[in-house]
Amino acid sequence: MSSYQVLARKYRPVDFNSLIGQDALVQTLTNAITLNRLAHSFILTGVRGVGKTTSARIIAKGLNCIGPDGSSKESMHPCNLCEPCKSIQSGRHVDILEMDAASNTGVDDIREIIDSSVYRPVSARYKVYIIDEIHMLSKNAFNALLKTLEEPSESVKFIFATTEIRKVPLTILSRCQRFDLRRVPISLLQEHLTKIAQAERIETQPEAIRLIAYAAEGSVRDSLSLLDQASALGANNISVSLVEDMLGHASTNTLLELLKSCFIGEIQTALETLKKAIDVGAEPEQIISDLMDLAHQASLIASNSNLENISDAALENLTVISNFGIPRLARCWQILLKGHQEIKLAPRPEAAAEMLIIRLVYTSPMPTPSEILEKLPNVLAEEAQANIEKTSKERSLTEQSTLSPETSTNSIFQSKTPSVENLLDVVKICEQQGHLILASNIRNYVEPINFNTPRIEICLAKGAPDDLPSKITQILNTNSDTKWEVIVGVKSDSPTLKEEEDLAKKKELSAAYEHPIAKDVLKTFPGTKITEVITEIQSEDHQSSSLLERSDLKTNLEQSEI
Ligand SMILES: [Zn+2]
């Protein structure tokens, strides 16, 4: 009776054709061999179980394969039939040395390798040293190794593997050809596991396989260990519930129910479902991670992406969730992602999970950004209107102004065909169209005498540019159907807009000193001066913002030296 061989070992790839998910690595190596540009030392990096040492052994075989008839050169597709291939495969080739740096970290451990590397290989084409977890070597060991790497012997190759490339000194890295092994995608793992299960005559449900592939986080070895474990537990029958139990997952139905309650805002049900899942043994962190998985899958369905290897029942359930729409699902995923990180740090993960669910329930009914945008013009218009009404009321009580609020309303909401009824309207048009110098000149130098559309009578203050009247005529004519006439008079009783604004600002400042909050501040910090009154901006549109008059007095206080 033969003893049971674990799947990860039994299905360990013997060549690059059976190594899944590392096409880039295989291509680069094959090219290097074809062009005869193979480095003396390689470093393979990637998360655990993606095939680093497996690749190292395949490379060792490829370098030494002589082919079934003994005449082949090195290739990245070893025959696995010749003597070198066979003995390397079984780990008994004298010229191929494997070392685990995790348990041999010191300089003495590396010395043996360094000393023997000067001798020619006994029978192989190349002497190959495979050092796993190279980052674990001590500083002295690295230094000793470096000397050998600097003066490599023609017939020696070094293959290093590491999960933590950042811990490998740059001096070593710079002498190695580097290969990054990728996490194997879930779909590829699913495919791989399904094939193996079939070959092993293990009954599986597609969703069970997907859960295993998902849990393996891109590691082939981990996925095969989980498959092993599940088939042992289920006596060669792997069901979804078996895998859920094995992985400490809450059942998918429970999780779907939980997610749905969050979306429809049923906080009681959501918290009860969470508790139920935790009570049957699922870890809070795992629950949140599984919810993320569901939100992700539902988003894929919502975006019409293909979900492979998913059961009809699961698809039906996920479709219910996907109907909440991509914006909500995306926001949910973000909240879960952030919460997942918090749970890891939380002293009481269960409480953190509860808080996360509560947050999710409360944000779910909130409008998404696109819904807000849809409503935005109305909201803004209403707010602006309310402000203007309020302002004009205040204004009629406090001060007289040459600015008519009705005009302002018009220029905000009908900006495409602006009505021009006073000088400020002219300035607005200039500003809106980017004629900022003209706008500033009008503010500073134009004193209105008479404004009767389409005829304006103005007086120019000292220093005004000569062509100002013609520029004003021009801008007005290009912006309306009427033909405008700008007449320059001699004397005006009205101030320029700038003077008017300065006056208004002065009034505003003195009013600010009377504001209750300002009074409190001034009392608490004697010697404080109010330097500016900032109008709260209610609109995204800067041009119109100054028209939305101060609805709330905000004071900018500056502490003066005492
Ligand atoms: Zn061979």
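**Close-up views of loops and a zinc site**

**View 1. Glu217 sits in a loop between two helices.** Glu217 is found in the loop that runs between α9 (206-215) and α10. Helices are DSSP runs of H or I with at least four residues, strands are runs of E with at least two, and both are numbered from the N terminus. The model is predicted, so local features need pLDDT of at least 70, side-chain atom pairs count only at pLDDT 80 or more, and totals for chains, interfaces and linings use all residues. Residues are numbered from 1 along each chain as its sequence is written, and side-chain values use heavy atoms, with hydrogens and water left out. Phi of Glu217 is near 50 degrees, a positive value in a residue other than glycine. With a relative accessible area of 57%, Glu217 is exposed (buried is under 20%, exposed over 50%, partly exposed in between; 1.4 Å probe, protein chains only).

**View 2. Four cysteines hold the zinc ion.** The protein donors are the SG atoms of Cys65, Cys79, Cys82 and Cys85, at 2.1 to 2.4 Å from the zinc ion (donors are N, O and S atoms within 2.8 Å of the metal, or 3.2 Å for Na, K and Ca). The angles among the four donor atoms are 97 to 127 degrees, and the site is tetrahedral (all angles between 85 and 135 degrees). Along the sequence, the donor residues follow the spacing C-x13-C-x2-C-x2-C. Cys65 lies in the loop between α3 (52-64) and α4 (83-89), whereas Cys85 lies in helix α4, so this pair ties together parts that are 20 residues apart in sequence. Cys65 is buried, at 5% relative accessible area, and Cys85 is buried as well, at 0%.

**View 3. Asn80 has a positive phi.** Asn80 is placed in the loop between α3 and α4. The phi value of Asn80, a residue other than glycine, is near 65 degrees. Asn80 counts as partly exposed, at 22% relative accessibility.

View 4. Tyr119 and Ser155 are 36 residues apart along the chain, and 8.9 Å separates their C-alpha atoms.

View 5. Pro454 lies in the loop between the strands β8 (446-452) and β9 (455-460).

Key: Four donors count as tetrahedral if all angles lie between 85 and 135 degrees; four count as square planar and six as octahedral if opposite donors are over 155 degrees apart and all others between 65 and 115; anything else is irregular.
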